[in-house]
Each structure stands twice: as structure tokens, then as C-alpha cells.
Amino acid sequence: MNIPNVNDEFSTLETLEEAAQAAAKVQGFAFSRRSSNLDGNNGKSLYIILQCTKGGTWHNNWGITSKSHKRLSKTKRYNCPVRIRATVAKKRVPIVWIITDVEYTHNHSLLISNEVMSLPQHRSLNVDQKMLLHDLSNINAPTRIITTAINKVDNGGVVLPKDVVNKRARIRYALNEGPNADSAQKLLRLFNNVII
């Protein structure tokens, strides 16, 4: 699979990011958003810059000195120059995202195929996997069963059991179960039972 190149066009930002991540997965790395202007703030044109997850440098935002730090700091960033810049084509209807600048020379070693799944960008679920997770969570299926079922879906991300646990916790939290069960939602459920 080829990484998007200059003058490639995409109908949506999602298709651009999916194509970039799919190609990066094959090569042994992942992209993350470096900067963007997706709302057209300050009259600027819409753009996005995707960079290698090892791009950039660690910023000392807390003013930590060699004497004040409690442990040896480490970073995964190697100031990798790999990036993709895309903008919205002017005066085109419907909107089209065009790649305007690319750099594909890494300054670090790439991951081999079975190590790529350690990157969270490549463990995202597609729509079918999300529906399956939700359905299996509703019937209280064990985590190992859900993990196996989700990983058998074609063209989807590979998930780990911990990913399933985290996503189930988010679903319960959104439904006001678990830690929120003794909040105002419990009172509202009681009122509904009394009224009915």
C-alpha cells in the first residue's frame, strides 16, 4: 500500500487519515496529528499536518531541572521529520483535501509487522467492530470472547483484552452505570418505576 503523496485528493479528512494510517501500518510506524486548523479560525484556510508518532521533541513545560527531577526522564520522540501536510482545495465543491507537502525519510528504525500492533493508532476499531463490541457487552460476554470475536472481523484493527476492558468501561460510564450508578440517575430510574 502506498503512502499518500503530493497532489493526491481525498473527499474527506477521515479517508485521508485512514489511508495514511493504513500505509504507515504496512511500513512499521504510525501517524499522529501535529497541528491543524479544521474550523477556519482567523480567516486561515483549512489544513492538517500528520507526523510520525516519533516526530517532535519533548517540551519541558514544567521547568524541571537536573536537580529537581525525581526520576530519569525518557521520551519516545526522536524528532523524526516524516510528515504529511494537506489543505482543502480552494473554490472546489464539494470539499476536497489535497496533499501539498510530504517528507518520508525516518531517522529511526521502523517496527516489524508483529510489533506494529503495539501502537494505539493501529488498534482503533471500525464500525462493524464497535457494533459487535456493544452487542456483546450488552449480553455480558466475557472479555476474552469479545476480544476474539472483534479480532476476527475483516479490515479492522487488532485489539488487546485491555482495550476491550477500557471500551466497556467507557460504555458503562456513558450509560451512567458503574461508578455513576449511585448518582441522580439511580433516583430517576426509581421515579420511572414508580410512575409506571
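The legends below describe close-up views of a predicted model.

In this predicted model, local features need pLDDT of at least 70 and side-chain atom pairs count only at pLDDT 80 or more, while totals for chains, interfaces and linings use all residues. Residues are numbered from 1 along each chain as its sequence is written, and side-chain values use heavy atoms, with hydrogens and water left out.

**View 1. Overall layout of the chain.** The secondary structure comes to five helices and five strands, where helices (H or I, at least four residues) and strands (E, at least two) are DSSP runs numbered from the N terminus. Along the sequence these elements follow the pattern β-α-β-β-β-β-α-α-α-α. Of the 196 residues in the chain, 29% count as buried, a class that means under 20% relative accessible area, as against exposed at over 50% and partly exposed in between (1.4 Å probe, protein chains only). Among the contacts in the chain with a separation of 6 or more, 53% come from residues 24 or more positions apart, contact meaning heavy atoms within 4.5 Å.

View 2. Strand β3 spans residues 47-52 and contains Gln-51, which is buried because its relative accessible area is 8%. When neighbours within four places in sequence are left aside, Gln-51 is in contact with Ala-30, Phe-31, Ser-32, Arg-34, Gly-56, Arg-77, Val-82 and Arg-83.

**View 3. The salt bridge between Glu-17 and Arg-33.** The count of salt bridges comes to two, a salt bridge being a side-chain nitrogen of Lys or Arg within 4 Å of a carboxyl oxygen of Asp or Glu. In one of them, the side chains of Glu-17 and Arg-33 meet at 2.7 Å, N to O. Glu-17 belongs to helix α1 and Arg-33 to strand β2 (residues 31-37), so this pair ties together parts that are 16 residues apart in sequence. Glu-17 counts as buried at 19% relative accessibility, whereas Arg-33, at 44%, counts as partly exposed.

**View 4. The salt bridge between Asp-101 and Arg-83.** Here the side chains of Asp-101 and Arg-83 meet in a salt bridge at 2.9 Å, N to O. The pair links distant parts of the chain, with Asp-101 in strand β5 (residues 97-103) and Arg-83 in strand β4 (residues 83-88), 18 residues apart. Asp-101 is partly exposed, with a relative accessible area of 27%, and Arg-83 is partly exposed at 24%. Arg-83 is also among the residues in contact with Gln-51.

**View 5. The packing of helices α2 and α3.** The axes of helix α2 (residues 127-138) and helix α3 (residues 143-151) come within 10 Å and cross at roughly 155°, the axes being lines fitted to C-alpha atoms, for helices over the stretch in contact, with angles running from 0 to 180 degrees between N-to-C directions. That angle makes α2 roughly antiparallel to α3, since angles under 35 degrees count as roughly parallel, over 145 as roughly antiparallel, 65 to 115 as roughly perpendicular and the rest as oblique. The contact is made by Gln-129, Leu-132, Leu-133, Leu-136 and Ser-137 of α2 together with Ile-146, Ala-149 and Ile-150 of α3.

**View 6. Thr-12 and Trp-97.** Thr-12 has its place in the loop between β1 (9-10) and α1 (13-27), and it is partly exposed, with a relative accessible area of 30%. Although Thr-12 and Trp-97 are 85 residues apart along the chain, their C-alpha atoms are separated by 6.6 Å.
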